Amino acid sequence: MRMLRCNKMGMRIAIIDESAPRASIIEEGLATLDECEIFTITSRDGLLVKIAEIEPDIVFMDLGNPSRDVLEEYFAVSRVLDRPIAMFVDESDDDSIAASIDAGVSTYVVDGLSVRRIEPLLKMTMRRFQAYARLEAELAKAKDKLAERETVDRAKRLLMAKKNVTEPVAYGELREKAMSSNRRIVDIAEAIVTAHEMMGDGA
């Protein structure tokens, strides 16, 4: 592994390429950046450990014309990296492109390695990663909201059955308990559901 510095320390960039001539193309394409540290990794041995030590902001993987096994090996690495990844290959097919998306590769470039394309691809890769991260965060938030709503609905049903009251009355009781204890309604609902499950009364 070798390290190059740009004008100032700032963005940390990892280049993974077993071919020094190919890696030098990416290095040259990044040379105009004002703030960066470039780390070039030329061996697959201990790859994840090396990347963890670098803690890069973005990863460039240049694979040339990899075998199916090598491509799958790099996809396995991509899946565990929570980083923007730009991957270069000389040839590809629809299955490999789909697999790259599943593996979390932000930009998959086929037969497009050139000095002038590196900096624009860096920017695009970062933006795609950030956009995908926002979508994931929004999806997780929506799932949390849905789960909370289901918990509240279940707690209401339990109160309705136990006290023979209507849904508005059951919800009013949840809200009143939440206000009096300075807690969220879903917290009260979770406590009711948990107590019910511990008593073994069924759903």
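Reader: In S6, what is the bridge partner of Val-89?

Author: Val-110 in S6 is the bridge partner of Val-89. The model is predicted: local features need pLDDT of at least 70, side-chain atom pairs count only at pLDDT 80 or more, and totals for chains, interfaces and linings use all residues. Residues are numbered from 1 along each chain as its sequence is written, and side-chain values use heavy atoms, with hydrogens and water left out.

Reader: How many bridges between S5 and S6, and in which sense do they pair?

Author: Four, in the parallel sense, with S6 at residues 107–110. Two strands pair if DSSP finds at least two bridges between them. Strands (E, at least two residues) and helices (H or I, at least four) are DSSP runs, numbered from the N terminus.

Reader: What does the chain cross through from S5 to S6?

Author: Helix H4, residues 94–102, in a right-handed β-α-β crossover. Right-handed means that, with the strands pointing away from the viewer, the path from the first strand over the helix to the second runs clockwise.

Reader: And S4, how does that pair with S5?

Author: S4 and S5 are parallel, over four bridges. Ala-86 in S5 is the bridge partner of Phe-60. With helix H3 (residues 68–80), S4 and S5 make a right-handed β-α-β unit.

Reader: Is S5 buried or exposed?

Author: Five of its five residues are buried (under 20% relative accessible area; exposed is over 50%, partly exposed in between, with a 1.4 Å probe and protein chains only). Ile-85, Met-87 and Val-89 cover one side, Ala-86 and Phe-88 the other.

Reader: Which strand has the lowest mean pLDDT?

Author: Among the elements, strand S1 (residues 2–5), at 63; S4 (residues 58–62) has the highest, 95. pLDDT is the predictor's confidence in each residue, from 0 to 100.
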